[in-house]
Protein chains: 2
Amino acid sequence: MQRLRLDVAYDGGEFSGWATQPGLRTVQGELELALARVLRLEPSAVALTCAGRTDAGVHARGQVAHVDLPDAVGPPELRRRLASALPADVRVRSVAVAPGGFDARFSAAWRRYVYRLTDDPAGADPLARRHVLTWKRRLDCGLMVQAAGHLLGEHDFAAYCRKREGATTIRTLLRLDVEERPDGIETTVMADAFCHSMVRALMGALLAVGDGRLPPDEPARILATGVRDQRVTVLPARGLTLEEVGYPEDAQLGTRARQARTLRKLPESQA
Amino acid sequence: MQRLRLDVAYDGGEFSGWATQPGLRTVQGELELALARVLRLEPSAVALTCAGRTDAGVHARGQVAHVDLPDAVGPPELRRRLASALPADVRVRSVAVAPGGFDARFSAAWRRYVYRLTDDPAGADPLARRHVLTWKRRLDCGLMVQAAGHLLGEHDFAAYCRKREGATTIRTLLRLDVEERPDGIETTVMADAFCHSMVRALMGALLAVGDGRLPPDEPARILATGVRDQRVTVLPARGLTLEEVGYPEDAQLGTRARQARTLRKLPESQA
């Protein structure tokens with residue numbers, strides 16, 4: 001057996017998210033099925049683990065997954081076979097033998113997402129409309145940049161997460177960059193990890209500032225309350241793409257994985 | 001009545017081309033229907049003329065059309081109404097009162113298309129796959145650049161056109177730039193005008209050079225024969241996008257339109 005690292009891209013529009021669900025078309029499901037088929041294995045013998053379990057409709061250009069497989073087929077040949085076996089809306093961009101200690105989920109040091117939208121009254125470019133949201137109200141990017149600045153750093157993001165029992169909502173937000181471009185507004189959101197619906201809730205807060213419903217310091221105030229606020233909507237999945245996952249140097253992969261498995265607390269709550 | 005200029009973008013994937021055809025979904029058909037609906041006119045009272053009558057499956061970001069309409073509704077209001085009335089795969093990016101002498105087709109000085117493709121064995125980025133062709137053989141961009149250089153200028157492009165009775169196939173090819181980019185190969189094709197299937201036949205010749213089936217000077221030799229060559233295939237519409245149409249200064253619009261309506265001959269054939 002050997003552990004392989006797969007770099008994966010997909011158009012999330014016709015998937016019910018990453019994670020396998022009975023009776024639904026999922027990215028994990030399609031990939032495991034294709035791997036089993038091209039390697040002539042039982043589907044139950046193929047189990048993928050990914051860095052970011054994207055929701056229904058969320059896209060990826062830089063998803064990373066690992067899988068443990070018999071080493072009968074080399075990575076280049078496996079990549080070729082997967083290119084033929086997979087549907088056009090999911091692609092395996094590269095296959096490589098993973099370094100020792102590598103775990104696609106727990107070794108990851110950070111995830112970088114981009115949320116794309118336009119406030120052009122004519123709507124999104126038809127060729128990009130499947131991954132760019134059309135926002136019906138005019139947006140002030142300067143206000144969004146201000147609001148974003150107050151959210152960076154290590155915080156308990158409970159106000160921007162769907163809470164799961166026993167799981168921490170403490171995260172370190174490394175980047176939240178709002179950029180106005182000729183074809184719309186791109187927001188880069190990078191953190192060590194994300195809790196469920198966090199990127200889309202943060203985007204909902206930024207847009208409420210951008211279109212004048214909230215003052216620029218309100219998203220940070222909501223963050224400090226630690227409870228969800230009904231003025232913050234979770235934006236649609238359509239505009240969200242997982243662009244990149246970062247890993248430490250090979251020698252640090254195991255250490256990083258052990259850290260990430262440990263339940264995290266804010267310094268002041270460790271007393 | 002006033003003449004309006006419409007700048008139009010569309011995803012050609014689900015259209016049977018620009019031009020209205022009975023029983024088929026076309027860009028012109030959708031636009032004329034939407035205009036008639038939002039202005040409460042008879043559909044037969046609305047007739048669009050465009051700069052580039054794109055084939056089935058060809059996309060546009062910079063198509064230009066004109067239409068003569070009663071001046072009851074101002075351009076900004078008309079643009080707003082069209083944004084609501086049109087399906088997401090066709091957008092009217094701007095509406096403006098056309099300058100005197102403007103004709104979307106005959107006043108145009110040049111058209112710029114881009115053909116996008118990838119030779120990555122993993123296939124096209126899923127988010128771009130609807131307007132980027134996947135080519136199964138490896139391509140040498142340097143050879144394609146060489147071949148392109150021999151095709152520039154004014155020529156009879158009969159070898160790269162589907163001939164129409166009584167119509168000239170003489171065109172001036174202004175740019176044919178092959179550019180290797182991180183996400184694939186982009187070829188910019190710009191000419192005063194194009195005859196039918198010309199961009200896709202030129203691309204077929206360049207790819208035959210790029211993947212080693214033809215030497216780099218062969219496309220120019222085929223051009224000189226003036227007859228179609230079976231080694232040159234017409235590439236699929238999927239990769240082709242009309243990006244921009246250029247017009248002369250307002251004062252020259254009428255003159256340009258009169259020139260363009262005149263049947264063109266190569267200098268040496270005017271004797």
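1. What is the mean pLDDT of chain A, and what percentage of its residues reach 70 or more? The mean is 94, and 97% of the residues of chain A reach 70 or more. This is a predicted model. Its scores are ipTM 0.91 and pTM 0.92. A caution on reading such models: where pLDDT is low, the predicted coordinates should not be read in detail.

2. Start with the contact between the chains. Chain A puts in 22 residues, and chain B puts in 22 residues. On the side of chain A that touches chain B, the elements giving two or more residues are β1 (2-10), β3 (59-69), α2 (75-85) and β4 (90-97). The top contributor on that side is β4(A), with 4 residues. Sorted by class, the side of chain A that touches chain B holds 10 nonpolar, 3 polar and 9 charged residues.

3. Next, helix α1 of chain A. This helix covers residues 27-39, 13 residues in all. From first C-alpha to last, α1(A) reaches 18 Å, close to the 18 Å expected at 1.5 Å a residue. Just after α1(A) comes Arg40(A), which takes a positive phi of about 50°.

4. Which residues of α1(A) are buried? They are Val27(A), Gln28(A), Gly29(A), Leu31(A), Glu32(A), Ala34(A) and Leu35(A). The buried residues of α1(A) pack against β1, β3, α2 and β4 of chain A.

5. Now look at strand β10 of chain A, residues 240-246. β10(A) pairs with β3(A) in the parallel sense, over 2 bridges. In β10(A), Thr241(A) stands opposite His59(A).

6. In which sense do β5(A) and β10(A) pair, parallel or antiparallel? The pairing is antiparallel, over 6 bridges. Strand β5 of chain A spans residues 110-118. Here Arg112(A) stands opposite Glu244(A) in β10(A).

7. Turn to chain B for a helix pair. Two packed helices are described by the angle between their axes and the distance between the axes. For α4 (residues 198-210) and α5 (residues 218-225) of chain B, the axes come within 9 Å and cross at roughly 145°.

8. What does each helix bring to this contact? From α4(B) come Ala205(B), Leu206(B) and Val209(B). They meet Glu218(B), Pro219(B) and Ile222(B) in α5(B). By class, the contact of α4(B) with α5(B) has 5 nonpolar residues, no polar ones and 1 charged.

How values were computed:
Residues are numbered from 1 along each chain as its sequence is written. Chains are lettered from A and ligands numbered from 1 in the order in which they are written. This is a predicted model: local features need pLDDT of at least 70, side-chain atom pairs count only at pLDDT 80 or more; totals for chains, interfaces and linings use all residues. Two residues are in contact if their C-beta atoms, placed from the backbone, lie within 7 Å. Ala, Val, Leu, Ile, Met, Phe, Trp, Tyr, Cys and Pro count as nonpolar, Asp, Glu, Lys and Arg as charged, and the others, Gly among them, as polar. The expected span of a helix is 1.5 Å times one less than its number of residues. A residue is buried if 20 or more other C-beta atoms lie within 10 Å of its own, exposed if 12 or fewer, and partly exposed in between; C-beta atoms are placed from the backbone. Two strands pair if DSSP finds at least two bridges between them. pLDDT is the predictor's confidence in each residue, from 0 to 100. Axes are lines fitted to C-alpha atoms, for helices over the stretch in contact, and angles run from 0 to 180 degrees between N-to-C directions.
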